[in-house]
Amino acid sequence: MTPVDYLPLLIMIVTAIIFAALALMVSALLGPRRPTHRKLMPYESGNIVSDTDPGRRRFPVKFYLIAMLFTIFDVEVAFFYPWAVVFRQLKVFGFQVMLLFVAVLLIGFFYLWKKGAFEWD
Amino acid sequence: MGLEDRLPEGIALTTVSQAVSWARENSLFPLLFGLACCAIEMMATFASRYDLGRFGAEVYRASPRQADLMIVSGRVSRKMAPIVRQLYEQMADPKWVISMGDCASCGGIFNNYTIVQGVDKIIPVDVYVPGCPPRPEALIQGIMKVQEKIMKEGIKGTNK
């Protein structure tokens with residue numbers, strides 16, 4: 001391979017750059033631009049938000065608790081999946097380790113239960 | 001036509017307006033939102049069975065900034081009306097609207113105080129698709145009508 005053999009590659013790169021630049025230029029020239037106040041407003045799924053909206057509203061702390069609980073049990077399930085895949089290779093040892101893991105989580109679970117974390121009101 | 005006769009075979013002439021309209025009509029980007037049961041038919045329309053991709057409009061954009069076709073698929077409640085209007089306002093120009101189904105077009109069977117009696121009361125509509133709900137074929141025809149309109153209005157119709 002000599003450098004001349006790469007000429008098609010160079011032509012392709014140059015063509016691609018020219019095409020991209022041309023497409024951007026043409027759309028900039030021919031596309032209408034009508035910025036309005038409402039068009040430039042932040043997109044909030046169509047909800048109309050004020051420009052002066054603080055964006056940090058207060059909401060019940062209960063949701064924080066639910067989110068934390070979800071994270072804990074979500075991670076538990078996330079650990080279960082790879083463990084289930086290699087369940088047969090790990091034999092009894094893997095089962096014991098997982099039992100230990102679940103036991104640790106269950107201690108927290110019963111603690112939360114006793115504290116009343118699962119009661120909404 | 002003088003110039004076309006002298007050109008060698010295989011070269012076509014067009015105007016900028018036609019070329020732009022042709023590009024626009026074959027790459028419509030509908031806004032991804034559904035209001036009621038018509039939306040189920042809309043989903044069927046761009047799925048594999050009816051394959052809206054044949055008309056270049058299968059990529060639904062979840063942001064109005066990237067969309068140029070609004071398909072109002074379902075009844076517009078009074079609570080939803082300002083949101084629909086805001087979504088329309090935030091769409092990039094040029095933009096078109098299909099009113100899909102009887103409810104969006106005129107209130108349909110919901111002749112009551114909760115439903116806006118036709119989405120054309122809040123946004124300009126280009127094509128009305130009748131039906132309750134319209135079949136995917138009907139929506140496809142509506143999109144083809146929009147394409148016809150885009151081709152007819154040309155670049156001047158939208159670049160005011």
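Predicted model: local features only at pLDDT ≥ 70, side-chain atom pairs only at ≥ 80, totals over all residues.
## A first look at chains A and B

With 13 C-beta neighbours inside 10 Å, B:Asp51 counts as partly exposed. Chain B averages a pLDDT of 89, and 97% of its residues score at least 70. Chain A, for its part, has four helices and zero strands.

**Backbone details to look for**

- B:Asp51 lies in the loop between helix 3 (38–46) and strand 1 of chain B. Its phi is near 50 degrees, a positive value in a residue other than glycine.
- A:Ser45 also has a positive phi without being glycine, at a value near 55 degrees. Look for A:Ser45 in the loop that runs between helix 2 (37–40) and helix 3 (62–85) of chain A.
- Is A:Ser45 buried or exposed? A:Ser45 is exposed, because 11 other C-beta atoms lie within 10 Å, and the cut-off for exposed is 12 or fewer.
- These phi values are worth a look because most residues other than glycine have a negative phi.
- The peptide bond that joins B:Asp93 and B:Pro94 is cis, with an omega of about -10 degrees. B:Pro94 sits in the loop between helix 4 and strand 2 of chain B.
- Another cis bond leads from B:Cys132 to B:Pro133, where omega is near -10 degrees. B:Pro133 belongs to the loop between strand 3 and helix 6 of chain B.

**Chain A**

- Reading along the sequence of chain A gives the pattern α-α-α-α.
- Chain A has a radius of gyration of 29 Å, whereas a compact globule of 121 residues would have one near 14 Å.
- The C-alpha trace of chain A spans about 70 × 60 × 15 Å along its principal axes.
- What share of the 121 residues in chain A is buried? Buried residues make up 0% of them.

**Where the chains touch**

- The contact draws on ten residues from chain A and 16 residues from chain B.
- On the side of chain B that touches chain A, helix 4 (81–90) and helix 6 (136–158) each supply at least two residues.
- Which element of chain B gives the most to that side? Helix 4 does, with seven residues.
- By type, the residues on this side of chain B are eight nonpolar, five polar and three charged.

**The strands of chain B**

- Strand 1 (residues 69–73) of chain B is mostly covered, as five of its five residues are buried. B:Leu69, B:Ile71 and B:Ser73 point one way from this strand, while B:Met70 and B:Val72 point the other way.
- Strand 2 of chain B is mostly covered as well, with five of its five residues buried. Here B:Trp96, B:Ile98 and B:Met100 point one way, and B:Val97 and B:Ser99 the other way.
- Strand 1 and strand 2 (residues 96–100) of chain B pair in the parallel sense over five bridges. B:Ile71 stands opposite B:Ile98 in strand 2, and B:Ser73 stands opposite B:Met100 in strand 2.
- Strand 2 and strand 3 of chain B also run parallel, joined by three bridges. In strand 3, B:Val129 is the bridge partner of B:Met100.
- Strand 1, helix 4 and strand 2 of chain B form a right-handed β-α-β unit. Strand 2, helix 5 (residues 101–106) and strand 3 of chain B make a right-handed β-α-β unit too.

**A closer look at B:Tyr128**

- B:Tyr128 is part of strand 3 (residues 127–129) of chain B.
- Why is B:Tyr128 counted as buried? B:Tyr128 has 21 other C-beta atoms within 10 Å, and a residue is buried if that count is 20 or more.
- Leaving aside residues up to four places away in sequence, B:Tyr128 touches B:Ser99 and B:Ser105.
- B:Tyr128 and B:Val146 are 18 residues apart in sequence, and from C-alpha to C-alpha they are 9.9 Å apart in space.

Technical notes:
Residues numbered from 1 in each chain as written. Chains lettered and ligands numbered in written order. Contact = placed C-beta atoms within 7 Å. Nonpolar A, V, L, I, M, F, W, Y, C, P; charged D, E, K, R; others polar. Rg over C-alpha atoms; globule rule 2.2 N^0.38 Å. Pairing = 2+ DSSP bridges. Right-handed = clockwise from strand over helix to strand, strands pointing away. pLDDT = per-residue confidence, 0-100.
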